[in-house]
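Thanks for coming. I will walk through one structure this morning, starting with contacts between side chains and ending with the backbone. Please look at the model first.

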Amino acid sequence: EEPVADETRDGGGVADAGPPDGGRGDAPVNEAALDDAGRDASPEDAGPEDASADGGPEDAGRGSCSDGIRNGDEADVDCGGSCETCANGARCGGASDCRSERCVDAECRSPEGTHPDIVRVLDVPGRNPGGRSWADSYSVGSECYCATSFDHGIGPIEVPTPAGPRTVRDVCDALGPGPGLDGRPLYNDVQCGNGPPNDAGDEDDCPGRVDIGRDGCGHVGPSWNLGRI
């Protein structure tokens, strides 16, 4: 009887039996590329799911719009590109990166002819505002602060925040009073023209500035900095 070659594995090595007919001849076996079931698990055979795991090629440039880092296609940290538009003073690659739709020298600027705090101008019906007595908020650069007595049902209205829904009163309390509204742009609604409106009705027609007459009704300032909540 002809002896039968020993095909048992010893410590992960392959016995001296010759290759089967139609095999790969004397090509060495890459033991590191075999998984526990003996299948070829070499990197070139990895499927698309393996290739994209943990930040692989499919994730390249994707980034996040809330991670505090400038990545992906963002123009500045967490804004521009496929994220929300950027506030005044942020970096930009074009007008579409800016809330104001104005990018000058790679920086988002306020619309021409407006106060530097203004980020956009809305087309609203307008009405003759009551000046300071109408003001429910004011801006300081890129920050918006409440200056409201929470009249006309505004206090209990809920708004979305990174910490979940909060009432307007809770948001205003968390932001604090700020440095004061003297000499600042003043707005009719509680978020520097960005809403929500109260139930008085005039904030739909004139949400923006109330300190420069009817022409300021559509001038909208920065949103609340909800990252502080």
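I begin with D211, which forms a salt bridge with R209, the closest N and O atoms being 2.7 Å apart. By salt bridge I mean a side-chain nitrogen of Lys or Arg within 4 Å of a carboxyl oxygen of Asp or Glu. D211 is partly exposed at 31% relative accessible area, while R209 is buried at 9%. Here buried means under 20% relative accessible area, exposed means over 50%, and partly exposed is in between, with a 1.4 Å probe and protein chains only.

Before going on, some ground rules. This is a predicted model, in which local features need pLDDT of at least 70 and side-chain atom pairs count only at pLDDT 80 or more, while totals for chains, interfaces and linings use all residues. Residues are numbered from 1 along each chain as its sequence is written, and side-chain values use heavy atoms, with hydrogens and water left out.

How many salt bridges are there by this rule? The count is six. Another of them joins D76 and R91, at 3.2 Å from N to O. Both residues lie in the loop between helix 1 (48-52) and strand 1 (103-104), 15 residues apart, and the pair links distant parts of the chain. D76 is buried, with a relative accessible area of 14%, whereas R91 is partly exposed at 40%.

R228 and E143 also form a salt bridge, with their closest N and O atoms 3.5 Å apart. R228 lies in the segment after strand 9 (219-220) and E143 in strand 5 (residues 143-146), so this pair ties together parts that are 85 residues apart in sequence. R228 is partly exposed, at 40% relative accessibility.

The charged end of R169 sits over the ring of F150, 4.1 Å from its centre. The rule here is that NZ of Lys or CZ of Arg is within 6 Å of the ring centre and within 35 degrees of the ring normal.

Next, the largest pocket. Its volume is about 700 Å³, taken as the space filled by probe spheres set on grid points, which are joined across faces, edges and corners. A pocket is an open set of points on a 1 Å grid over the protein atoms alone, where a 1.4 Å probe fits, with protein on both sides within 12 Å along at least five of seven lines; lining residues have an atom within 4 Å of a point.

D78 brings us to the backbone. Most residues other than glycine have a negative phi, and most peptide bonds are trans. Phi of D78 is near 60°, a positive value. D78 is in the loop between helix 1 and strand 1, and is buried at 15%. A106 also has a positive phi, near 65°; A106 is in the loop between strand 1 and strand 2 (107-108), and is partly exposed at 43%.

Last, a cis peptide bond joins G195 and P196, with omega about 5°. P196 is in the loop between strand 8 (186-187) and helix 3 (202-205).

Definitions and conventions. Helices (H or I, at least four residues) and strands (E, at least two) are DSSP runs, numbered from the N terminus.
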